[in-house]
Amino acid sequence: MHIPARFAVLALAGTCFSITGCATTSTVENSQTTHSYAVIDGEQVPVPQIQMGDSTTIAAIIDEGKNNSQVLATITEMCETFGPRLTGSSSLENSQRWARANFEAMGMSNAHLHKWGEVETRFDRGPSTGRVLLQGRRGDPKEVRTLEFSTLAWSKGTDGPTTGSVMHFPTTLEEYEENAGNYSDSWVLLAPNYSGRGGIRSTGFLMRERMDERHEIRSNLSKPAPTAQVVEVNSNTWNGTFDYHGSFVPVTFVLDETGEDTTGSMDIQNFSSGPISEFSRDGDVVTFKWKHDMGTSNIELTFDGDAAKGMSKSASGNEFALEFSKATTQAASEEQTEEDTKEALMAAVLSENPNGFISSSKDERVWTTSSNDWRERKLADYPIDVEVNVRESDYDYLSTRVNEGVNVQVEFDLNHTLSAGPFPVYDVIAEIAGTEFPEQVVIISAHMDSWDGPGSQGTTDNGTGTAVTIEAARILMAAGVKPKRTIRFALWAGEEQGLLGSKAYIESLSEDELANISAAFVDDGGTNYEGGIPAADFMVEYLAAATAPINGAFYSETDGEFLNVNIRPTGDKIDTHGGSDHAAFNKVGVPGFFWDEEGRATYSKGWHTQHDKLDLAIEEYLMQSATNAAIVAYNLANAPGLLPREGEVFETQESASANSEN
């Protein structure tokens, strides 16, 4: 593996170290250990000679983390007592008060709830169930299948168990007429899109769009049908898609090259719209900048007749594919006719007041997300129609039975409570005060909020990071640390809805306070261990020295290796992503780090799905992560100075992903 030139001497000097020789630690100069080592770019190297914390305290931290760990007990208590913790929910607020009480019981200073905003309507999801029933020869219907499903957070549920026959949504007006009157009190299957464009997360996007479309259609049921409108198309308009991690979001692009200066705009549905600038054309290839709510992106498109393909590249380096076709009157008219028919069919079905609608996931996971405008929408404005998203196999079972003519019934009991607010929303903050430079701060953090789909306990996203953060604080207090700088612990909220809590907290700080933050670390990668970190080259030696004591300290019998921390040099900036709370710090010039999570767990199994339960947590990984976080915080709090900031630490513009659910 290649190591940058500035670290070559360390690499050569480190060739004598072996795994066997690094199994234990002991005291050396500069508060490191005789057999300790750093890992830089995947290679063991000598520990950079930078004075950090004292060796006795470091040994106490490691001993406490290895031999008296409370991390599994912490995550178990949190997930079993409070369950999933949706932003603005009662369960999140109760768990935040529990976390604050834990920090206070440890003897930490300044433990408090930091209010960062309000939620107009609170959403609490109670126990929810779904099952398939078939009429037996004798007596009541018999349960033949338990359904795994999700519904949108901030949506209406059912008034107790609600049972009805299952019917397909009609595809033509003639089909509706054949079944008119039978949709009342039924559960209506919406057509799936298994092979269509869009990734697994597009399911939630479509659900919230359908929610508002049904609401608008229902609100117009008593009004006269609108007259047909002539479709007019701007000749400069291009319609297409923005590939957001497999979800193909509608986008409209307007380009006018007829004037002296080229003008235009781009609008990505439910994200942002804005003008283009710095337009340049080289034959069929055009480049320009697009200014939007999250900053500015660089766009390159290649035109081929009435089609165009290209890429949107955010300032943080994230790339998203774009694809367009030129809007035509014929295509627009055909699309309008199709939409009018769908709207008429939905109006007809809604007029019969079905129990609700059933849609399909694209695999065996069901993903939870939120309705639109969840933060501002008032209780009275929430749509009344229910949509339940079931796993693919459940949908296929229902669809097959209906097609066979079986009178299959479904019962859903969706215990949703929407409460009129506004309700305050918080972050949790606590500190170990610095003895010499209390105004200078090292931040250890994670987001405490989670999605709340039925079955989830919010464990790997992000109960694990929350428990690691609380445990790191406990370890440091148990070890009796007296850091020169303040170590601040933060449990953010609103991360899943766009880094809301961390952004608001940062906005509450002065420029001087931001300048005095040495670094902010975020644990948000699931139950694997803190196995590495990306760093700008000028930060590598500091971080290598800070993490060195963990190397060789935790050995996994299952993995057959030490759970070490690799510092990854990434050039003149921190090469990271915009998908978690560290990005909010990077945006304002504060070094923000997202731990590389290494190990045997599959993160995508639990991420935002019904599988995010306690059984996914891996204790040995959480022990290493908590101990590592404690060591890094302690060492940087005692370093000669703040973490170096040569020039810009990160691109100052965030990507689209930072404004979306993570």
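Tutor: A residue counts as buried under 20% relative accessible area, as exposed over 50% and as partly exposed in between (1.4 Å probe, protein chains only). The model is predicted, so local features need pLDDT of at least 70 and side-chain atom pairs count only at pLDDT 80 or more, whereas totals for chains, interfaces and linings use all residues. Residues are numbered from 1 along each chain as its sequence is written, and side-chain values use heavy atoms, with hydrogens and water left out.

Student: Is Arg 377 buried or exposed?

Tutor: The relative accessible area of Arg 377 is 11%. A value under 20% falls in the first class, and Arg 377 is therefore buried.

Student: How many residues apart in sequence are the parts that Asp 212 and Arg 377 tie together?

Tutor: These two residues form a salt bridge (a side-chain nitrogen of Lys or Arg within 4 Å of a carboxyl oxygen of Asp or Glu), with their closest N and O atoms 2.9 Å apart. Helices (H or I, at least four residues) and strands (E, at least two) are DSSP runs, numbered from the N terminus. Asp 212 belongs to helix α6 (residues 202-219) and Arg 377 to the loop between β17 (356-360) and β18 (387-390), so the separation in sequence is 165 residues.

Student: Which residue forms a salt bridge with Arg 214?

Tutor: The partner lies in strand β18, 173 residues from Arg 214 of helix α6. The closest N and O atoms are 3.0 Å apart, and the partner is Glu 387.

Student: Are α4 and α9 roughly parallel or roughly antiparallel to each other?

Tutor: Axes are lines fitted to C-alpha atoms, for helices over the stretch in contact, and angles run from 0 to 180 degrees between N-to-C directions. Helix α4 (residues 90-106) and helix α9 (residues 459-478) pack at about 10°, with axes 10 Å apart. Angles under 35 degrees count as roughly parallel, over 145 as roughly antiparallel, 65 to 115 as roughly perpendicular and the rest as oblique. The two helices are therefore roughly parallel.

Student: Which residue of β23 is the bridge partner of Ile 444?

Tutor: Strands pair if DSSP finds at least two bridges between them. β21 (residues 437-447) and β23 (residues 517-522) pair in the parallel sense over five bridges. Both belong to an open, mixed sheet in the order β3-β20-β22-β21-β23-β28. In β23, the partner of Ile 444 is Phe 521.

Student: How many of the eight residues of helix α10 are buried?

Tutor: The buried residues include Leu 500, Lys 503 and Tyr 505. Among the elements that cover them are β3, β20 (416-432) and α13 (582-587). Helix α10 (residues 500-507) is largely enclosed by the rest of the structure, because the number of buried residues is seven.

Key
Contact = heavy atoms within 4.5 Å.
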